[in-house]
Amino acid sequence: MPWQPDPLDISVLNLALDEDLGSPWCDVTTELLFPLATNTQRHQAKIVSKHPEPIAICGIEWLRLLFTRLSSHCDIQSSYIDGQQLVPGAELLTITGDAQTLLKGERTALNYLRHLCAIATLTARYVDRVKDSSLKILDTRKTSPGLRRLEKYAVHCGGGVNHRMGLYDAIMVKDTHVDMSGGMKRVMEVLPRLNPQSLPVIIEVRTRQELDEVFALGQKKVNRVLLDNMPLLTMQHCAADCRGIFETEASGNITLNTIAAVAATGVDYASIGELTYGAGQVDLSMRGYQNYSMS
């Protein structure tokens, strides 16, 4: 899933810049100290990791888009690509441009980078914990409003696998659907055998009884069963029974401390909301402004 901007991304970026710079875009301090009429120097800024541990990189191309929105004469150079690792103290990238552009974009750029790299880094930690298994780490829809594409891309950069993007690209029957329909049997009866859009069909089950009803009425209708908040031993038995019939996915209160045990049950996937809502931020800073003659 290589990142490519789309109109929604541009709208989100414009909103972030409007939030920091107002409308029309303005940085009163920078414009006072570096008026365009006398701003005949090019400057250079470096983004450096101050994080105490290695981090997974995500957001280089997003920063390129951000600074291009501010000026067409801004250049970003990096020895890295998204998905690689950055060690403490290392320089991630260099931005060259006029002082106004660099200073206007600094905080918005760092806000994005710190957040996206944190998601990629946490995902990489989960992936590393299960590297000796076949378990795939999935994200969820527990994302920041407006940032889902970016946050899911960050999961991808950390070695995770993207779940459905929204409510439109998979048929996923959750516990609320089951309860409001009157039970799993009713859901299975209503679920069409023919899926004209060829969308994946995922059914969340909470108990062995619900799984048995999916077995009885859901074969050739269902692609995957989501084993929600099950004890590990129950999950292991359910995963074994589903093998060769349905893919299996574990979900609910999965942490770094428990992910290896989840992998040992034999499930195919584990979906983890913490990847996007609990990653926090890594410590990156922009520094090292220097003057260069305009060419």
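User: What share of the 295 residues in the chain is buried?

Analyst: Buried means under 20% relative accessible area, exposed over 50%, partly exposed in between (1.4 Å probe, protein chains only). Here, buried residues make up 48% of the 295 residues. This is a predicted model, where local features need pLDDT of at least 70, side-chain atom pairs count only at pLDDT 80 or more, and totals for chains, interfaces and linings use all residues. Residues are numbered from 1 along each chain as its sequence is written, and side-chain values use heavy atoms, with hydrogens and water left out.

User: How many helices and strands does the chain have?

Analyst: Helices (H or I, at least four residues) and strands (E, at least two) are DSSP runs, numbered from the N terminus. The chain has eleven helices and twelve strands. Its C-alpha trace spans about 75 × 35 × 25 Å along the principal axes.

User: How do I read the contacts by sequence separation?

Analyst: Contact means heavy atoms within 4.5 Å. Take the contacts in the chain with a separation of 6 or more: residues 24 or more positions apart account for 72% of them.

User: How do I read the sides of a helix, say α8?

Analyst: An α-helix has 3.6 residues a turn, so residues three or four places apart point the same way. In α8 (residues 208–217), the buried residues are Glu 210, Leu 211, Val 214 and Phe 215. Seen down the axis of α8, they fall within an arc of 145°, so they line one face of the helix. The arc is that of the directions from the helix axis to the C-beta atoms.

User: What do the buried residues of α8 pack against, and which exposed residues sit on the face turned away?

Analyst: The partners are α6 (175–181), α7 (184–190), β8 (201–205), β9 and α9 (232–242). The face turned away from the buried side carries the exposed residues Gln 209 and Ala 216.

User: How much space lies in the largest pocket, and which residues lie nearest its centre?

Analyst: On a 1 Å grid over the protein atoms alone, a pocket is an open set of points where a 1.4 Å probe fits, with protein on both sides within 12 Å along at least five of seven lines; lining residues have an atom within 4 Å of a point. A volume is the space filled by probe spheres set on the points, with grid points joined across faces, edges and corners. The largest pocket holds about 440 Å³. Its lining has 23 residues, and Thr 140, Lys 142, Lys 174, Ser 251 and Ser 271 lie nearest the centre. β9 (224–228), β10 (247–251) and α11 (274–277) each supply at least two lining residues.

User: And the second largest pocket: which element gives the most to its lining?

Analyst: That is α4, with seven residues. The second largest pocket holds about 360 Å³. It is lined by 21 residues, with Glu 53, Pro 54, Thr 121, Leu 122 and Arg 125 nearest its centre.

User: Which backbone angles deserve a look at Pro 24, Lys 220 and Asn 253?

Analyst: Look at omega for Pro 24: the peptide bond from Ser 23 is cis, with omega near -5°. Pro 24 lies in the loop between α1 (7–21) and α2 (28–33). For the other two, look at phi. Lys 220 has a positive phi near 70° without being a glycine. Lys 220 lies between α8 and β9 and is exposed, at 74% relative accessible area. Asn 253, also not a glycine, has a positive phi of about 55°. Asn 253 sits in the loop between β10 and α10 (259–264) and is exposed, at 71%.
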